[in-house]
Amino acid sequence: MAKCVFCGETIKPGTGLLFVKKEGAALFFCGRKCEKNTLLLHRNPAKANWTQAFLQEKHRAQAAADRGKAKKEEHAGHGGKKK
Ligand SMILES: [Zn+2]
């Protein structure tokens, strides 16, 4: 089954939209909302808080932040051992 190019949801058979660009690229959309956000409004899926791409970006940022915290704690531990 195809996935929506904007929100990332799986499209049920018999529903959704298929937009074919002049170049021949096929874009599957789950509905008008995703079609408008992509073709008319040129929005970035990673910045729309109702998409899978936004959640992935959020988790990636959170993981990076956690890694940064762990490194800081590690450095603090080494400083304590030296003294
Ligand atoms: Zn969609």
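Leaving out residues up to four places away in sequence, Asn37 touches Phe6, Arg43 and Ala48; touching, or being in contact, here means that two C-beta atoms, placed from the backbone, lie within 7 Å. The model behind this is a predicted one, where local features need pLDDT of at least 70 and side-chain atom pairs count only at pLDDT 80 or more, while totals for chains, interfaces and linings use all residues. Residue numbers start from 1 along each chain, as its sequence is written.

Asn37 sits in helix H1, residues 32-40; helices (H or I, at least four residues) and strands (E, at least two) are DSSP runs, numbered from the N terminus. With 19 other C-beta atoms within 10 Å, Asn37 comes out as partly exposed. On that scale a residue is buried if 20 or more other C-beta atoms lie within 10 Å of its own, exposed if 12 or fewer, and partly exposed in between, with C-beta atoms placed from the backbone. Asn37 and Cys7 are 30 residues apart along the chain, yet 9.8 Å separates their C-alpha atoms. Lys33 is also in H1, and its C-alpha lies 9.6 Å from that of Cys7, 26 residues away along the chain. Lys33 is partly exposed, having 14 other C-beta atoms within 10 Å.

Cys7 itself leads on to the core. Setting aside neighbours within four places in sequence, Cys7 is in contact with Cys30, Cys34, Trp50, Thr51 and Gln52. Together with Cys4, Phe6, Phe29, Cys30 and Cys34, Cys7 makes up the largest nonpolar core, six residues in all. A nonpolar core is a set of buried Ala, Val, Leu, Ile, Met, Phe, Trp, Tyr and Cys residues joined through C-beta atoms within 7 Å. As a rule, nonpolar side chains in soluble globular proteins tend to be buried together. Across the protein, buried residues account for 11% of the 83 residues.

Next come the strands. S1 and strand S2 (residues 26-29) pair in the antiparallel sense over four bridges; pairing calls for at least two bridges found by DSSP between two strands. Leu18 stands opposite Phe28 in S2. The two strands form a hairpin with five residues between them, and Gly24 in the turn has a positive phi of about 105°. Leu17 belongs to S1, residues 17-20, and is partly exposed, with 14 other C-beta atoms within 10 Å. Beyond residues up to four places away in sequence, Leu17 touches Phe29 and Glu35. Leu17 and Arg32 are 15 residues apart along the chain, and their C-alpha atoms are separated by 7.9 Å.

His42 has a positive phi of about 50° although it is not a glycine. It is exposed, with 7 other C-beta atoms within 10 Å. Glu57, by contrast, is found in H2 and counts as partly exposed, with 15 C-beta neighbours inside 10 Å. From C-alpha to C-alpha, Glu57 and Pro45 are 9.9 Å apart in space, and 12 residues apart in sequence.

As for the overall picture, the secondary structure comes to two helices and two strands, and the pattern along the sequence reads β-β-α-α. The radius of gyration is 21 Å, well over the 12 Å that the globule rule gives for 83 residues, so the protein is more spread out than a compact globule. That radius is taken over C-alpha atoms, and the globule rule is 2.2 Å times the number of residues to the power 0.38. The C-alpha trace spans about 70 × 25 × 20 Å along its principal axes. Of the contacts with a separation of 6 or more, 33% are between residues 24 or more positions apart.
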